[in-house]
Amino acid sequence: MAMQLRVTDGAITNRVLANLQGNLTRVGNLQEQLSSGKQISRPSDSPTGTVSAMQLRGESRAVQQYSRNASDGLGWLGVIDTALTSSLSQTGKVRELVLQGMSAGTASTADARAALAAEVENLRNSLIGVANTKYLDRPVFGGTTTGERAFDAAGSFIGDAGTVMRTVGDNSKVQVDANGAQVFGANGSGSQLFTVLDSIANNLRSSNTAGLDADLQNLDVAIGTIKTNLADVGARYNRIETSRTAADDRLLNVKSQLSEIEDIDLPNTIMQMQLQQTAYQAALQATAKVIQPSLMDFLR
Amino acid sequence: MASTFSGITTALSSLYAQRRALDVTGQNIANANTEGYTRQRVQMTSASGNTLPTMWSTSDGIGNGVSISDIRRTRDEFLEGRGREERANSAYLTNQKQQFVTIENTFAEPSDTALQHQLGELWGAFSDVANNPNDRAIRTALIQQGNTVVDGVRSAYDALGAQWKANRDQAEAYATEVNTLAKNIAQLNTTIQRATAAGLPVNEMADQRDVQLMKLSELTGSTASIQADGTAAVYLGGSGLVQGVTAREIRVTGADRLQNQTADPANGVAVRWADSGTAAQVGGTLASIQDTLTTTIPKYANSLDGVAANLANTVNALHTGGYGLDGAGGREFFTGTTAESLRVAFDNPDFVAASSTSGTFDAANADALADLATTAGGPGETYAVMIANLGVEAQSVDRRQAIQSVVTRDTDAARESFAGVNLDEEMTQLITYQRGYEAASRVLTAVDEMLDVLINRMAV
């Protein structure tokens, strides 16, 4: 038999079927992309894309956590800021009372000075209350103490020297507490706020003007320390807020990068889908035309 | 001088030949859609007169009509051989592709739910404990998150184990199928050998055998060659599976669980000759399953073990250095160092070693644990590397499969073009033989009329 390229019905059918299958598979893939909105749904779709996507997801999780940590840190520092502001106004009030007690005219009587002393004692109790301010059940001036309070009723510091840190960025940890011993003076030091206040009350009662003089100096040191700490807290507050803004910005950035890698280009995909559907329909029509006629249709 | 009646025999031989040719055409048309059918062609030979001049055999030089010398099967052994080879490659890659799809589904990355996300949540939970070391609810949430990660790792491992087991069972089933096919081919060989010796046509049986040879090649990558006596010899990597009328058997031996395979790879799954016990060199689907059982799944199971070990080691290294709410230190967070044995060591929230100093709410240790999220060489990175490898390997199989399927399709088309039935062609043949028959009848009528003249009308 003379060799020539034969085409058989079976060969045509197989080829046409394979082509239709190929077309349909591509339509299916595009449909999957359109319905999921993702161009990477398994690692083999793009191994490098998958790794980037995983990295970015991890980063997004970390950055979200930084933002959460920052919010928590801002909570601490906010409470400390309020407490320190209130401490300043109350110590300012004490300072006025001391000056009043030292001036002979207005507080010349023992009763008047006793009244001043009583007011100082009240302020002292109130300040101890402020020094025991809590945030989420923890005394914010107590360091890392597991106890309920930073200062006992007598005004001595019972917290520890530990620091409370928050991670607000990669390798960026910020202290979010203020240690009671630093803010209000260490136990035993002459300028420890509550010792000073105690001494003021006593000296007022005993009309010890020289003592009051010394107290006033100590009180100024204490007030100065609180002011310094307040400034420090404010600075740290700003630093965390900056970190949080940076974290939020980065989250947005990471999300858009992730979307770039993972998500489909909608107009492009729809366009491809249309093209693919047209190709599929053309293939179907061609199939319908190719398979029908044969010599049999023309024989009687 | 030739016989007066020789014209009748010549016409008769044509009537017979054309009818048989019509029957063959009918057979071709009937089997136009039969899988594996090879179109047949009638080989007609003109019958010559006597060629050896003897005293009694004189010839007038005209032949004695037509005879059918052969009904030939139009089949190209070279194309068949290529077809078997390409189909075997295609079967291997198609099965590999399916295996990788299953493994990819097991890990389901990248997503917002799979292991990588769960690990991220675990680091987040450590960070939350660092923020609130005094809150038992948050500590409990951390332990739950630890359990979620453990479950994620273990369920991935279990899925790999299930896939392994399913493949192991399938390997047995395929081995049985291979043995049955080999036996069938040997039986067909017997029949064909006898029929050939007796000069009987074997076309349809040969078709049947070709179909079985193709199936066998897809399953095992076997090669085949047709011998002079009409039998097919089948080889698995050089060793005979079917030779003449005898068939050998294969069987699947070795480990029956993924754990046994990974624990003792030397005694792992293997396809062996049943008689000698030596390893059989297989291709096709069976080779894909064998590779999956001995290489692919164990590799990813080991990688997963590596992730589990890395997780347990890195977390424990830090956790043992911290102190729980009860002031006690030195506790491990995870027990077990394999994907299967990994567990959270305790369920008491007080035992979470958040503090780096005993008896305080200093949460530096929990903070350090949270930092593992970004540690180079940490469990997250180990896992990402594994997923990257999986992606590259699956993608490469995908591509090879796509290319191979085109090659296979072309080879199939070439085989089909050569051996398949073309209805137009058969219709043409049909008309040719029909006309041939009609013409032969016409010759017979002419001779008949001639004899009528000679016998009835002459010398009346």
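In this predicted model, Gly199(B) follows α4(B) and has a positive phi, near 75°. Local features need pLDDT of at least 70 and side-chain atom pairs count only at pLDDT 80 or more, whereas totals for chains, interfaces and linings use all residues; side-chain values use heavy atoms, with hydrogens and water left out. Residues are numbered from 1 along each chain as its sequence is written, and chains are lettered from A and ligands numbered from 1 in the order in which they are written.

**Helices**

- Helices (H or I, at least four residues) and strands (E, at least two) are DSSP runs, numbered from the N terminus.
- Helix α4 of chain B (residues 136-197) has 62 residues and should span 92 Å at 1.5 Å a residue, which agrees with the 90 Å between its end C-alpha atoms; the expected span is 1.5 Å times one less than the number of residues.
- At the start of α4(B), a side-chain oxygen of Asp135(B) comes within 2.9 Å of the backbone nitrogen of Ala137(B).
- Helix α6 of chain A (residues 209-262) has 54 residues; its end C-alpha atoms are 77 Å apart, in agreement with the 80 Å it should span.
- Where α6(A) starts, a side-chain oxygen of Asn208(A) reaches to within 3.3 Å of the backbone nitrogen of Ala210(A).

**Interface of chain A and chain B**

- The contact (heavy atoms within 4.5 Å) takes 49 residues from chain A and 53 residues from chain B.
- About 4,100 Å² is buried between the two chains, with carbon and sulfur atoms giving 51%; buried area is the accessible area (1.4 Å probe) that two parts lose on being put together, summed over both.
- The rule finds 7 salt bridges across this interface, a salt bridge being a side-chain nitrogen of Lys or Arg within 4 Å of a carboxyl oxygen of Asp or Glu.
- Arg68(A) and Asp128(B) meet in a salt bridge through their side chains, at 2.4 Å from N to O.
- On the side of chain A that touches chain B, α1 (9-36), α2 (47-102) and β3 (165-169) each supply at least two residues.
- The most comes from α2(A), with 13 residues.
- Asp371(B) and Lys173(A) form a salt bridge with their closest N and O atoms 2.8 Å apart.
- Asp371(B) is in the loop between α8 and α9 (379-419) of chain B and Lys173(A) is in strand β4 (residues 172-175) of chain A, so the pair joins two chains.
- Asp371(B) is partly exposed at 29% relative accessible area; buried means under 20%, exposed over 50%, and partly exposed in between (1.4 Å probe, protein chains only).

**Salt bridges within chain B**

- Asp275(B) and Arg248(B) meet in a salt bridge at 2.8 Å, N to O.
- The two lie 27 residues apart, Asp275(B) in the loop between β8 (270-273) and α7 (284-319) and Arg248(B) in the loop between β6 (246-247) and β7 (250-253) of chain B.
- Asp275(B) counts as exposed at 53% relative accessibility, while Arg248(B) counts as partly exposed at 25%.
- Salt bridges that share partners join residues into one network, among them Arg73(B), Asp207(B) and Asp210(B).

**Arg73(B)**

- Arg73(B) is found in strand β2 (residues 66-73) of chain B and counts as buried at 19% relative accessibility.
- A polar atom of the Arg73(B) side chain lies 3.5 Å from the backbone oxygen of Asn203(B).
- The Arg73(B) side chain also reaches the backbone oxygen of Ala206(B) at 3.5 Å.

Conventions:
A polar contact is a pair of N or O atoms within 3.5 Å; within protein, one must be able to donate a hydrogen and the other to accept it, and residues adjacent in sequence count only if both atoms are side-chain atoms.
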